[in-house]
Amino acid sequence: MTALAEAFVRGTAAETGISIGWGEQDAANLDRLCEEFLRSRPSAKVKHSMIMSMGAYLGELIVRATRGRWGYDADLREVVVETGDGVMGWPHTKVAKRFEQGPKHSLYQYYRYAVHPEQRDAIAAGGD
């Protein structure tokens, strides 16, 4: 997943001119990138490819920020991230929901929830 995430960083800069890296400010750009991508009306195949690469990037952001790790959910047959404090997340599923159901599935809020354990109650309630 790390290599796919790094390819997403390189590809995003090449395709959009938006330079992203590995910090929280970069996570804040993900929802905007989603909207720009969806405006292009991508095919299902292209959308799936973006779910895989953007999900890898979102997951790797969380892994790096929390000293977490990648894992695998055998029941769902899907890769997962586990934060340093044990919270499990399914970043590819979250990206797919963001594409299909819109901004109520904010990728930035998902990132913040994973990375800021002291703010989880407020984030889950929709606050800052």
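Me: Helices here are DSSP runs of H or I with at least four residues, strands are runs of E with at least two, and both are numbered from the N terminus. Which residue just after helix 1 takes a positive phi?

Reply: That is Gly17, with a phi of about 80°. Before we go on, this is a predicted model in which local features need pLDDT of at least 70 and side-chain atom pairs count only at pLDDT 80 or more, while totals for chains, interfaces and linings use all residues. Residues are numbered from 1 along each chain as its sequence is written, and side-chain values use heavy atoms, with hydrogens and water left out.

Me: Good to know. What makes the length of helix 1 close to the expected one?

Reply: The expected span is 1.5 Å times one less than the number of residues. Helix 1 has 15 residues, and its first and last C-alpha atoms lie 21 Å apart, close to the 21 Å expected.

Me: Why is Phe8 called buried?

Reply: Buried means under 20% relative accessible area, exposed means over 50%, and partly exposed is in between (1.4 Å probe, protein chains only). Phe8 has 6%, so it counts as buried. In helix 1, Ala5, Val9 and Thr12 are buried along with Phe8.

Me: How do you know which way the buried residues of helix 1 point?

Reply: Look down the axis: they fall within an arc of 100°, so they line one face of the helix. The arc is taken from the directions between the helix axis and the C-beta atoms. On the other side of helix 1 you will find Ala3, Arg10, Ala14 and Glu15, which are exposed. The buried residues pack against helix 3 and helix 4, where contact means heavy atoms within 4.5 Å.

Me: Why is the pair of Phe8 and Tyr57 called tilted?

Reply: Rings of Phe, Tyr and Trp (its six-membered ring) pair if their centres lie within 6.5 Å; planes under 30 degrees apart are stacked, over 60 edge-to-face, and the rest tilted. Phe8 and Tyr57 have centres 5.2 Å apart and planes at 35°, so they pair and fall in the tilted class. Phe8 is in helix 1 and Tyr57 in helix 4, 49 residues apart, and the pair links these distant parts of the chain. Tyr57 has 0% relative accessibility, so it is buried.

Me: Which residues do ring pairs link into a cluster?

Reply: Phe8, Trp22 and Tyr57. The structure holds three aromatic pairs.

Me: What makes you say that a charge sits over the ring of Trp22?

Reply: The rule asks for NZ of Lys or CZ of Arg within 6 Å of the ring centre and within 35 degrees of the ring normal. The charged end of Arg64 sits over the Trp22 ring, 3.8 Å from its centre.

Me: What makes a set of residues a nonpolar core, and how many residues does the largest one have?

Reply: A nonpolar core is a set of buried Ala, Val, Leu, Ile, Met, Phe, Trp, Tyr and Cys residues joined through side-chain atoms within 4.5 Å. The largest has 27 residues, and those with the most contacts inside it include Phe8, Leu30 and Tyr57. Helix 4 gives the largest share, nine residues. Leaving aside neighbours within four places in sequence, Leu30 is in contact with Phe8, Met54, Tyr57, Leu58, Leu61 and Leu107.

Me: How do you know that the buried residues of helix 3 line one face?

Reply: The buried ones are Leu30, Asp31, Leu33, Cys34 and Phe37. Seen down the axis, these residues fall within an arc of 155°, so they line one face of helix 3.

Me: Is Arg41 buried or exposed, and why?

Reply: Arg41 is at 75% relative accessibility, so it counts as exposed. Arg41 sits in the loop between helix 3 and helix 4, with a phi near 50°, a positive value in a residue other than glycine.

Me: And why does Arg67 count as exposed?

Reply: Its relative accessibility is 79%, which means that Arg67 is exposed. Arg67 lies in the loop between helix 4 and strand 1 (69–73), and has a positive phi of about 55° although it is not a glycine.

Me: Last one: why is Arg98 called buried?

Reply: Its relative accessible area is 2%, so Arg98 is buried. Arg98 lies in helix 5 and, not counting residues up to four places away in sequence, touches residues including Asp31, Cys34, Glu35 and Leu107. Arg98 and Glu35 are 63 residues apart in sequence and 9.5 Å apart in space, C-alpha to C-alpha.
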